[in-house]
Amino acid sequence: MTTNPPGAKLILLITTHRVAPGLLSWPAWEALRSAGRVLAGDAGHPQLPALRQAGVEVEVVAPGSAPALARLLTGAPADGAAGAGTTVWLGGPDGDPGLTDALARIAVEHAGEVPEIEVLPGSYDLPGSRLLDLVSVMDRLRSPGGCPWDAEQTHASLVKYLVEEAFELVEAIEEGDRDTLREELGDVLLQVFFHSRIAEEHPTGAFSIDDVAGDIVEKLMYRHPHVFGDTEADGTAEVEANWEALKAAEKSDRESVLDGVPAGLPSLAYAAKLVSRVRRSGFAGVPDEPYELPAELTAESAGRLLLAVAQRGHDAGLDVDAALRAAAREYRDAVRAAEGLKPAERPERPEQSEEPELP
């Protein structure tokens with residue numbers, strides 16, 4: 001009866017393409033340096049240059065070629081040195097299609113000759129590493145041979161999608177829908193990566209997603225000196241005070257306390273943001289609007305009444321924009337109930353529409 005050569009072993013070394021080539025675990029390097037053979041199924045494997053620079057020779061064979069692979073795996077050790085009977089298979093980023101079938105065929109056709117198989121993780125994904133995949137996907141979509149629709153988009157053409165996705169995220173949060181929350185966070189994240197990829201192509205003011213991320217990291221660290229510096233802050237009030245002081249120093253060139261409030265906000269949210277800025281600055285040069293329903297409601301008096309609501313809501317610690325949305329949903333459900341209908345469910349996105357949607 002044929003048996004495995006003494007000490008024969010096949011190590012399937014699995015690595016991730018999301019870390020730099022050569023950044024392997026110590027057990028992985030030990031296995032590579034001591035193995036009798038190191039095999040790979042792709043001559044373009046990203047780890048090959050780093051391994052060869054480290055003195056590790058790698059043979060390239062077709063992972064789906066069972067006969068060729070069998071000859072390599074079932075041969076006797078080259079010599080009696082430790083590890084000489086060990087073969088390391090360097091797993092490819094694509095999962096090596098055909099390798100599993102080839103190993104199964106070898107196990108049947110060469111029963112008793114196939115060495116022990118061990119799976120060894122050589123590197124691991126770090127938290128946030130899937131963001132690198134999103135960078136690659138966006139690059140593929142915008143590059144020649146990618147998606148024509150994606151390649152045609154500009155910052156301006158994507159604005160409506162950014163606004164829509166942001167409001168869908170707000171809706172998911174307010175409804176407590178965890179599955180939809182996860183989906184909508186992804187859609188908003190896509191917008192950031194999409195705009196950053198477009199920005200890379202600007203002829204004079206190009207920047208990348210790394211620049212965007214780097215800027216916000218620096219801003220967060222600067223505005224949290226009680227975490228990343230030597231400033232002390234006891235409680236939320238001191239943290240907010242430090243934050244406002246730092247923001248004021250950054251924006252020292254602003255003429256008005258209201259500079260920087262985006263006028264494109266929904267009207268009630270815009271009013272609430274203006275009130276918040278005025279209150280936080282301590283500015284008292286403008287009196288509050290009267291909080292009373294006028295005898296005759298006009299466009300002007302209705303606007304002033306809503307502004308008064310925003311002022312009172314801020315002073316009471318309320319988000320008036322969210323409060324109005326909640327009241328509107330209750331009104332919607334009351335109307336549907338009066339019609340004999342169930343409360344409205346969140347509508348599913350149409351598969352197609354008259355104008356193209358994001359893929």
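The questions and answers below concern a predicted model.

Reader: How many helices and how many strands does the protein chain hold, and what share of its residues is buried?
Author: The protein chain contains 14 helices and five strands. It has 359 residues. Of these, the buried share is 29%.

Reader: What is the strand order of the open sheet?
Author: The sheet is open and has five strands, with parallel pairing. Its edge strands, which pair on one side only, are β3 (59-60) and β5. The order is β3-β2-β4-β1-β5.

Reader: How far apart in sequence are the parts that the salt bridge between Glu118 and Lys9 ties together?
Author: The side chains of Glu118 and Lys9 meet with an N to O distance of 3.2 Å. Glu118 belongs to strand β5 (residues 116-121) and Lys9 to strand β1 (residues 9-14), so the parts tied together have a sequence separation of 109 residues.

Reader: Are Glu118 and Lys9 buried, partly exposed or exposed?
Author: Buried requires a relative accessible area under 20%, and exposed requires one over 50%. Glu118 has 28% and Lys9 has 23%. Glu118 is therefore partly exposed, and Lys9 is likewise partly exposed.

Reader: By about how much of helix α5 are Asp133 and Arg130 separated?
Author: Asp133 and Arg130 form a salt bridge, and their closest N and O atoms are 2.6 Å apart. Both residues lie in helix α5 (residues 130-142), three residues apart. The separation is about one helical turn.

Reader: What accessibility classes do Arg197 and Glu201 have?
Author: Arg197 and Glu201 meet in a salt bridge at 2.8 Å, N to O. Relative accessibility is 11% for Arg197 and 40% for Glu201. Arg197 is thus buried, while Glu201 is partly exposed.

Reader: Are α12 and α14 roughly parallel or roughly antiparallel to each other?
Author: Helix α12 (residues 267-281) packs against helix α14 (residues 320-338) with the axes 8 Å apart and at an angle of about 150 degrees. Angles over 145 degrees count as roughly antiparallel. The two helices are therefore roughly antiparallel.

Reader: Which residues make the contact between α12 and α14?
Author: The contact has a side from each helix. From α12 come Leu268, Ala269 and Ala272. From α14 come Val320, Asp321 and Leu324.

Reader: What share of the accessible surface belongs to carbon and sulfur atoms?
Author: The accessible surface of the protein chain totals about 22,800 Å². Carbon and sulfur atoms contribute 57%.

Notes
Residues numbered from 1 in each chain as written. Predicted model: local features only at pLDDT ≥ 70, side-chain atom pairs only at ≥ 80, totals over all residues. Heavy atoms only, no water. Salt bridge = Lys/Arg side-chain N within 4 Å of Asp/Glu carboxyl O. Helix = DSSP H or I, 4+ residues; strand = E, 2+ residues; numbered from the N terminus. Buried < 20%, exposed > 50% of the residue type's maximum accessible area, 1.4 Å probe, protein only. Pairing = 2+ DSSP bridges. Areas by Shrake-Rupley, 256 points an atom, 1.4 Å probe, with all protein chains shown as cover. Axes fitted to C-alpha atoms, helices over the stretch in contact; angles between N-to-C directions. Parallel < 35°, antiparallel > 145°, perpendicular 65-115°, else oblique. Contact = heavy atoms within 4.5 Å.
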